[in-house]
Amino acid sequence: MAVFDHFENMYDVAFKPRLLLSLIRDHLPDDSTPFSNPSNLSNLLSLIKTHSLLSESFAQSTPHKHAQAWKSAFASWLDRIYSLISTTVPDKCWAGISLLGVTCEECSSERFLESYSLWFQKLLPFLQSPADCHLVRVAACASMSDLFVRLSGYPKIKKDSSSCAVKVVQPTLKMLNDENSEAVWDAAVHLLCTIITSFPFSIRNHYESVESAIALKLLSGGCSLDMLKKLAHCLALLPKSKGDEESWSVMMQKILMLINDQLNLAFHGLEEETMRNMVTRLLFWPGKHPPSPLGGYVLADEVRNKASNTSEQSLMSNVSTLMFGCRMMLTNSYPVKVNVPVRLLLALVERILMVNGSLPQMSLPFMTAKQQENICSELPVLHLSSLELLTAIIKAMGSQLLPHAAYIVRIVTKYFKTCELPDIRIKVYSVAKNLLLTMGVGMALYLAQEVINNAFADLSNIEHKNGGMLNGSNLNASAGAPLPPGHRKRKHISTNGSLQAHDEGGGLGVEVPKNCPLTPISLRIAALETLEALVTVAGALKSEPWRSKVDSLLIVVAMDSFKEGPVSEETSMFQQKEPAATATDLQLAALRALLVSFLSFARVRPPYLAQGLELFRRGKQQTGTKLAEFCLHALLTLEVLIHPRALPLVDYAYANNHSFGEANSNLQHEYFGRNDHTPYGFPQAPPDYDDDLCARWFENGNEADVSLAKNTKHTPEPSEDCIANDPEVLDSNLLERAEMVSETATCADVEMKTVEDEINLKSDQPGESVVQFQESVSCTTNIPEAKTHSDVADDNNEKIVSESTLPHNEASHMESGQGSSVNKDFGLAFQSNSFGQRTSGSSILEEFALKFGQDNSLDDGDSFPDIVDGDPDSNSD
Amino acid sequence: MQQRREKEMVRGEAEAVVACSDKSMKIGATMWDLETGEKLLHIPTCASPPFGFLCLRNRFLVASQINKHGSIGDGAILVWPFNKPQQPLLNYTVEAVGPLCCTNDGIYLVGGALSGIAYLWNVTNGKLLKTWRAHNKSLNCMAFSDDDSFLISSSVDGTICVWSMISLLDIEETTSSPPSLHCLSGHTSSITGLLTIPNSILVSSSLDGTCKVWDFIYGRLVQTQVYLFAITSITLHQRERLLFCGMENGTIIVNKLDIGLKEGPSMGTVAQPLELKGQNGAISALTCSRACLISASEDCTIYIWDIFNWEVIHRFNLQKGKVTNLVIVSRSALVSASKYETVSNKYYVSPLDKYPQLINSFKGTTTLLSLCPLHKGNQTCIDLRSSDLSRQKISSSQKADVPMSMTIQMKVETSIKNHVLATNMAEHVTVINKQLQSQLLNFIQHRLLCPNIINTHKTRRKKLKIQSLVREEKNLKP
């Protein structure tokens, strides 16, 4: 290798063998040189992986010279590794074994197939000989499992590789039994898991011994929690090695029996006999011989003796670990279908959840306070793991859980009322969420009230501080009330004319109470997520009394989350590694729930849309955060809600033979069919004024938007349109009943609403809206004067009216949750022209109405056609 | 051009329609490709009443059969896997089942009997989970809500019942007539169609010439559409909300389904809607695919309409049979079924139980579950492991020799009845035994009590004697 033998760039093949050789030279320890620094090794590994130095992959066109160079470099790499392995110095040996593992992962297929058996032979002695130090054995296990993982990718050599696997099982078990270092156990269990998943049948002959070895470790105690989990995982995988239904069921039953035994000991005197008896009855089927206990009888006896002496603590941790095992068995895939003893699992969960550490009267004399203390200290962990088990059951069973759904609902509702610890509540929320998402509206009917009560308790600890805003959220608000009292109250204020009162709300019209977070953030997030799930599935429960309460709660929480200053990050007590939740997460959860609550309004306008949009806009400003990402998405989604696109009836992918024009005319027939001019006059019920936006947009199509655009430009075109259409409209409409008029009035209404949206988006200043409101009064009175049959004036006039009333609308609308009612009344006002009499249901517009009525009476009557003239609906052609 | 090609690519799977008749077993079910009109498959020996034919998870065709000979009186439900349509799975039911309905995930299957009793099975393990009286009159149509949490059933007397699946399947609720969530009454004649739409909307049609829109969770009537003729069938283009009503006189009326109404029932009258004419007999079945409307009529014809220009694309004829059912299936099911057996089977259909488990006691219930998530599985299989009995059934039905298998079934049935009888007898005997035993015990007690009194007397005397003896001894000692 010449000194100036340059290569092209870092992708050049020539570079790789070069680098590999120099790495071997510089970083790898030698027979003679001592092992300098382990950190060198990690550096070496990262270089090998980034440049894939061991892959020996090159294009066909690569010069033979380079290929050869790489091959020889690889050979020298292997030579060095072999020599390292054969040394007696433990750390060099360790390095060699580890690097062999890396080679197994990284090398090319040809190379691997060629030499895997050799490598296997190199590694095997380390598993068998007990003399080596732990370090070496752990490395050997890890490398061996790398080897097997790679081997499982080649089904062609399955026979060979399973025979290799069989050879490994025995020494691994021996290691598990004899050694007493947890690191070795860990590595051995890892290797066992790899073999079970990759070559399940190779372990079949050792099934019992593997089971007893693991059970022994699991039950004898003295392992760390992580280790216990790994053991339980391995135990849960074990039935795969047989792969039949029977072994799965037996394993499940063995685990459950063991749990039952331990619980019997732990809960002695703490629970009612009936529960215990029920579980036992479910566990042992009459007439069926129960399987031998986990790990055989001898072990079971040992464990039992030991357990009666050991503290409750280890009992509890055993139970949690075993329940983790159950969970793994449920969630891991399994090749055949199996019988899951759902009823038994649920009974077990219920049994644990029902024990809260209180002593029944009769067992008071038999238990000391110390014993009670011990139990109670461990109960939360147990409750947590049983709730996790419940979640796993729900997830794994899906809709097959339906026969047990009612039972679960009973458990959950009962437990929800009593549980208090935040971490447990989070889990209960997640159970409720999963239930809702799996079972749909039917479940929402059962669970809604409980979820809402709890979510309100967790989310609105603010409301106790200043009881203004969330009055409507009182948990026991009368179910029959059409609107929560809070809404009515605020609407009342606005109708009294004290518009300045709204300024308190920080420009958004809603009073936001000062927040003082008492509940942990993660709990609040869990509550929000559950509410989100509830609203998602229960869109159909639109007229449920809780719905408006939830909506107002969500907007308040979302607005609140924007106000919070930097909140110190919170750490969960069960996962200390990373902060469980931050204020940003809360914000995100709140906005998520808010978006869902907007979207799930099927037929009414979301009451807090304006404020929500404002929040999403503000969130969007925080560029680079997850929040901004979500807010962008939310705004995109809501765009369809704000400006619904009347999409064509069918997608034109199919209508290839159609010209667009035809389709378009088709469309218009569709949309304007109700004038009875077309054969498409779809039967139409008289429109309801509280009808949702979408439906109306759908009816009116894009034309409403178009005419709006024209209107705002103050161009005469729309009125010309009116003139053009006038005779026709008159012809068709003069003889129409009042219904028709009301219909057209609604259409005007739609237009106004569109304007309103525009304004909602722009004006956030309540002051501004007040001014405009006052203007509007004068404008309204102008309407009859505009009856000069000058269409332009009429049109403009109407535009002013609609635009100017809107800010007022907005203000009251935010509060009332029924914003459209104002518009509706306004629509009625038009109608009143033709009838000369009116009674407005809403007090907001009473004064307009009065003026209106007066002016009307002064006028010459004959207003009906004029109104039709001004009717934007006739703008359509 | 390229745009068009792109659209072709995203168009999705090709669809096919399966039609069957209830007239005679010979007519069977036939499958046509919707686009080309090519005949894809013919399944003999299938005759199912209206709504008694469905496609389960796009892997199986399920049909209820009413045996018209009357000799046996039982009904049957047949299941054909797409990959082996020659080997149906024959399940016998206690009584003739008419309408069938399955959940979207294909796990639960409900059948309604002419007696008004409904049967609910878990398809994956074949267990008959619930039998209950849903209506007083014969059931004629059923539907699940879009999230499968409600079941809606209707009867020939015009009543519609809404059932919550959760309370229906509650294992601690063991009554044979669980309360329904709502009973919607309003139709005055037999129901001819039920359609569910997200957000708890139900559309029902009836022979009384009305179409009603309900909010089924609140049990409220939202809208009524009145037509001139009796409606014999309805379907909905889900995406566009186009409602097609098939009339008695062979016309199909196209409506836009507009459910914007928030409150209160309203009455809509029909003013010159779009009418599709062409077929002569009453429309007996309607269904909608992505771009076509398929209508079948009593004159044995099937028309496929383009829903853009309302032209007939294809006409099919089901030989001499009034078409009762039309089902859309995706062609990919057939294709993937033909190159099968590479992946292990993930989705099972087990033979459906005829009776609920005899050793009932919900205590021991276990639920079946295939731990591999269902949606991943694209292979189908009929689970034959459950019993030899089912295997027998299958082998016999393989020869399409239904009467033969029926006789076997009858034998089995009688033996089961005998078994039930025997167990009842045994229970009876044990009860009698117990009573006898208790009487005997009483008797013995009586007998024992009297001698006891005598005995105590005796012992007292003895004691007295002993005491006197002791005293004598004491007297002697000093």
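These are my notebook entries on a predicted model.

**Ground rules.** I number residues from 1 along each chain as its sequence is written, and I letter chains from A and number ligands from 1 in the order in which they are written.

**Chain B overall.** I looked up the secondary structure and found 5 helices and 32 strands. These are DSSP runs numbered from the N terminus: helices are H or I with at least four residues, strands are E with at least two. Of the 478 residues in chain B, 53% are buried. Buried means under 20% relative accessible area, exposed over 50%, and partly exposed in between, with a 1.4 Å probe and protein chains only. Chain B exposes about 22400 Å², and carbon and sulfur atoms supply 56% of this area. The areas come from the Shrake-Rupley method with a 1.4 Å probe; for residues, only the protein chains shown count as cover.

**B:Ser204.** I found B:Ser204 in strand β17 (residues 201-206). B:Ser204 has a relative accessible area of 0%, so I log it as buried. Its side chain makes a polar contact with the side chain of B:Trp214 at 2.8 Å. A polar contact is a pair of N or O atoms within 3.5 Å; within protein, one must be able to donate a hydrogen and the other to accept it, and residues adjacent in sequence count only if both atoms are side-chain atoms. Leaving aside neighbours within four places in sequence, B:Ser204 also has contacts (heavy atoms within 4.5 Å) that include B:Ile160, B:His187 and B:Ile234.

**A:Ser198.** I checked a serine in chain A next. A:Ser198 lies in helix α8 (residues 182-198). A:Ser198 counts as buried because its relative accessible area is 18%. Beyond neighbours within four places in sequence, A:Ser198 is in contact with A:Phe148 and A:Ser152.

**Nonpolar cores.** A nonpolar core is a set of buried Ala, Val, Leu, Ile, Met, Phe, Trp, Tyr and Cys residues joined through side-chain atoms within 4.5 Å. The largest has 241 residues, and A:Trp77, A:Phe148 and A:Phe616 touch the most other members. Helix α21 (residues 521-537) of chain A gives the most to this core, with 11 residues. A second, separate core of 20 residues includes B:Met31, B:Cys46, B:Phe82 and B:Tyr92.

**B:Phe443.** I placed B:Phe443 in helix α5 (residues 402-476) of chain B. B:Phe443 is exposed because its relative accessibility is 51%.

Methods: This is a predicted model: local features need pLDDT of at least 70, side-chain atom pairs count only at pLDDT 80 or more; totals for chains, interfaces and linings use all residues. Side-chain values use heavy atoms; hydrogens and water are left out.
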